[in-house]
Structures are given as C-alpha cells and as structure tokens.
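Student: Please take me through this model, and tie each label to its criterion.

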Amino acid sequence: MSLPSIELDLERETPAGLETEEMTLNMGPQHPSTHGVLRFVVKADGEIMRRAIPDIGYLHRSIEKISEKVGYHGFMPYTDRVDYVSAMQCNQGWAMACESLGGVEVPRRGEYCRVIASELGRIASHLLSVGATAMDIGAITPFTHGIREREKINDLLEELCGARLTFNYMRIGGVCWDLPSGFAGRVLGFLDGFEPLIDEFNELISFNKIYVERLANVAVIPAELAISYNLVGPNLRGSGVCYDVRKDAPYSVYPEFDFEVPVGSGQKGVVGDCWDRYFVRMQEIKQSCRIVRQALGGMPEGGVVAKVARTFKPPAGQVYARVEGSRGDMGWFVASDGSAFPLRTHIRTGSYSAMSIIEEVSQGLMIADLVAVIASFDIVAPEVDR
C-alpha cells in the first residue's frame with residue numbers, strides 16, 4: 001500500500017494547506033531564571049520568540065507610600081528593600097535626598113565610610129550577577145566561586161553594621177557606626193586574596209568558548225537604542241556609552257578617587273551584546289576594589305555622623321538625589337511640606353528601565369536566549385515593583 005503524496009510549501013516548510021500557529025508560553029513568575037517574582041508572556045513560533053512581554057507587579061509593596069507614614073528617619077530600613085542585593089546605595093540615596101532637603105552636611109569620615117560600604121556592596125552584587133549568569137546558562141561551578149567570595153564580603157559588612165543583606169547602615173547626616181578596630185586591615189587582606197581570583201574567574205568562564213557563544217552577538221543593543229530606552233549603569237555602558245553618575249554627576253567624595261569607567265567594546269561579538277553587558281560588570285569589580293583601597297588609604301579623622309534632630313522636619317521643597325547603584329543610576333525624589341513626614345517619595349531604578357527593552361530585543365531570539373538576556377540585564381525584582 002503506497003502512502004499518499006503530500007505537497008510541501010517550501011517557504012513555510014509545512015504541508016500545503018496547513019499553517020503554523022503562534023504559541024503563548026508563560027515564563028515565571030516562579031521560574032528560577034527570572035531572578036525574582038517576574039513573569040514573561042512569550043509569543044513563540046516553535047523555538048523562535050516573536051516577543052517576550054514582561055508582566056510586572058507581583059512584588060509591589062507600596063514602599064513609596066510607606067515613606068509618607070513612617071517619617072524620614074523611619075524610612076531608612078525600608079530603603080534596603082528597594083534593592084536587597086545591593087542595599088548600601090539605596091541607604092545612601094535616601095540619606096542624600098534628606099540631607100539636601102534639610103541642608104545637612106556629612107562629615108568627611110562619614111562620606112568615606114559610605115564609599116567603602118557602597119563599593120563593597122557593589123562587588124558583592126556583581127559577584128552574584130556574574131555567577132548567576134553562568135549558572136542560568138548551565139555552568140554551576142562559577143556560581144559557587146562567586147558566592148564564596150561574596151560571603152567573605154558579607155562577613156565584613158556584618159562586622160561593620162550587624163547585617164548581611166538589609167544593612168540599615170547609613171543615617172541622615174552620615175553613618176551609624178565608625179569602622180571597627182582592625183576593619184581596614186581585614187578588608188585589605190580580603191582584596192589581596194580576591195583580586196587575583198578575578199583573572200581566574202575570567203579564565204574559568206568569561207572566555208569559555210561555549211559561554212561566549214551563548215552570550216556574544218545575542219540581544220545587541222546599539223548606543224542610540226540604549227539611550228532611547230533610558231538604560232542605565234552596566235546595561236548602558238555595555239552598549240559603549242561612557243556614563244557613570246559617580247563621574248558625570250559626582251556626589252559624596254567620589255571626585256577624590258581615581259578610577260575608570262568600563263564600557264562595552266565588542267571584544268567577543270558586537271558592541272552592546274549580552275557578553276559586553278556581562279563583562280562590564282567583571283571590569284567594574286576591579287574598579288570598585290581600586291576605590292576601596294584608596295578610601296581606606298586616605299581615611300580622614302573625625303566623626304562619622306552630623307547632629308540631626310530626632311524629629312527631622314526639613315523645610316518645604318523638593319529634591320532629586322542620584323547615586324550610581326549596582327544596577328545604575330538610581331534617583332530619589334522627595335517632596336516636603338515642612339512636616340516630619342514626606343509629602344511624596346518616588347524612586348527611579350535601573351531594573352525598571354531594563355524591563356522596558358526586553359520586548360524589543362527578544363524578537364527573533366530563541367526561547368533559550370531569553371534566560372541569557374534577563375541575566376545580562378541583572379534585573380532584581382524589588383527594583384521593578386516598589
């Protein structure tokens with residue numbers, strides 16, 4: 001018995017008269033590679049994505065509204081929850097906004113303590129990011145190496161402020177405690193052992209052939225597109241745009257330190273691809289080590305916190321303070337009506353900006369590439385839903 005012949009439509013590579021159908025898939029909100037409670041609605045034709053639509057809001061906590069109820073001092077612990085992976089910069093952003101409103105001057109030693117804490121937090125955040133990127137793609141060992149070094153930083157930060165994740169270290173007017181006795185030596189000891197490991201990590205995974213092929217030339221974002229979508233931090237610098245708030249809108253004592261701003265160069269593919277965004281973070285780890293060494297070496301004498309009234313009532317007005325968080329330009333808008341409670345607070349975060357471009361860059365990629373794209377943006381869910 002002979003089988004019936006089937007005419008093929010060579011353009012669609014399907015039997016004539018039949019058509020493929022677009023599938024709708026859910027990635028998240030419990031998927032391990034979404035790095036938090038995030039959901040993507042994926043429209044796909046087979047393995048090819050037509051687009052991946054972010055669906056946010058699962059972690060919304062009305063944190064900005066809470067500031068209006070707990071007051072200026074009382075809101076500091078809540079700022080840790082904006083980016084719990086790198087909370088020190090969140091503390092600093094809120095403190096700077098309040099200080100600008102109230103005309104508070106931070107002692108120089110307090111500013112140095114802030115820089116040391118923030119840069120250690122940046123290193124820890126980037127270690128989690130680069131380790132998780134490797135693990136999402138299938139390499140387990142690099143993640144364990146990154147977490148091992150991150151834990152050493154967590155030990156140091158726990159010694160500094162008593163916490164390992166949500167620090168609540170900074171205060172309006174400075175920081176709550178000075179560096180513990182012998183702390184500088186222990187940090188320098190950590191850096192002496194850690195900095196050579198950065199090159200080992202690069203040999204282990206950054207230049208690994210399979211890893212490079214999974215990231216290079218994937219989800220390329222040209223500089224113009226990155227700017228139009230308002231990307232910030234490593235995601236913007238990965239597209240070759242040299243912009244860092246610490247350099248271009250200087251704050252605290254960052255102008256006193258010598259450090260470079262790494263940008264994507266297309267070393268393994270095209271400028272602005274997933275690999276560039278990943279490798280910018282590897283380079284930033286080295287620069288943060290450099291800043292911490294300078295801060296410890298030039299630590300001034302004096303107090304670490306200015307005298308600020310327990311019931312803090314800044315004059316009526318509004319202010320916008322910016323810090324370079326681990327995920328980029330983080331903005332803190334605060335409006336005061338002269339009372340002990342903010343009239344309005346709004347927080348601008350890098351992860352929220354990054355979510356907006358995923359739908360565009362995902363078009364035409366494989367479903368498996370979406371994991372690499374999300375990891376390369378280093379998205380943290382609490383920064384998206386506030």
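Tutor: Strand β4 (residues 39–45) runs antiparallel to β5, and seven bridges join the two. The model is predicted: local features need pLDDT of at least 70, side-chain atom pairs count only at pLDDT 80 or more, and totals for chains, interfaces and linings use all residues. Residues are numbered from 1 along each chain as its sequence is written, and side-chain values use heavy atoms, with hydrogens and water left out.

Student: What makes β4 and β5 a pair?
Tutor: Two strands pair if DSSP finds at least two bridges between them. Within β5, Ile48 stands opposite Asp45. Strands here are DSSP runs of E with at least two residues, helices are runs of H or I with at least four, and both are numbered from the N terminus.

Student: Why are β3 and β5 called edge strands?
Tutor: The open sheet has three strands in the order β3-β4-β5, with antiparallel pairing. β3 (23–27) and β5 (48–55) each pair on one side only, which makes them the edges. Neighbouring strands are turned by 25 degrees against each other on average, direction ignored.

Student: Which helix lies across this sheet's β4 and β5?
Tutor: Helix α12 (residues 350–361) does, running at about 155 degrees to β5. Angles run from 0 to 180 degrees between N-to-C directions, with axes fitted to C-alpha atoms, for helices over the stretch in contact.

Student: How do you know how α11 and α13 are placed against each other?
Tutor: Two packed helices are described by the angle and the distance between their axes. The axes of α11 and helix α13 (residues 367–377) come within 9 Å and cross at roughly 35 degrees. Contact (heavy atoms within 4.5 Å) is made by Cys274, Arg277 and Arg281 of α11 with Ala372, Val373, Ser376 and Phe377 of α13.

Student: Which hand does the crossing of α11 and α13 have?
Tutor: The crossing is left-handed, so the near helix is turned anticlockwise from the far one by less than a right angle.

Student: What makes the space lined by Tyr84, Val85 and Ser86, among others, a cavity?
Tutor: On a 1 Å grid over the protein atoms alone, a 1.4 Å probe fits there but cannot get out; a pocket is instead an open set with protein on both sides within 12 Å along at least five of seven lines, and lining residues have an atom within 4 Å of a point. The search finds one cavity of 30 Å³ or more. The largest cavity has a volume of about 40 Å³, a volume being the space filled by probe spheres set on the points. α5 gives the largest share of its lining, three residues.

Student: What are the volume and the lining of the largest pocket?
Tutor: The largest pocket holds about 210 Å³. Its lining has 14 residues, with His35, Val85, Leu128, Ala132 and Ile379 nearest the centre. Helix α4 (residues 108–137) gives the most, six residues.

Student: Which residues lie nearest the centre of the second largest pocket?
Tutor: They are His145, Arg148, Leu197, Ile198 and Phe201, out of 13 lining residues. This pocket has about 160 Å³. α5 (141–161), α6 (183–206) and α11 (274–297) each supply at least two lining residues, and α6 gives the most, six.
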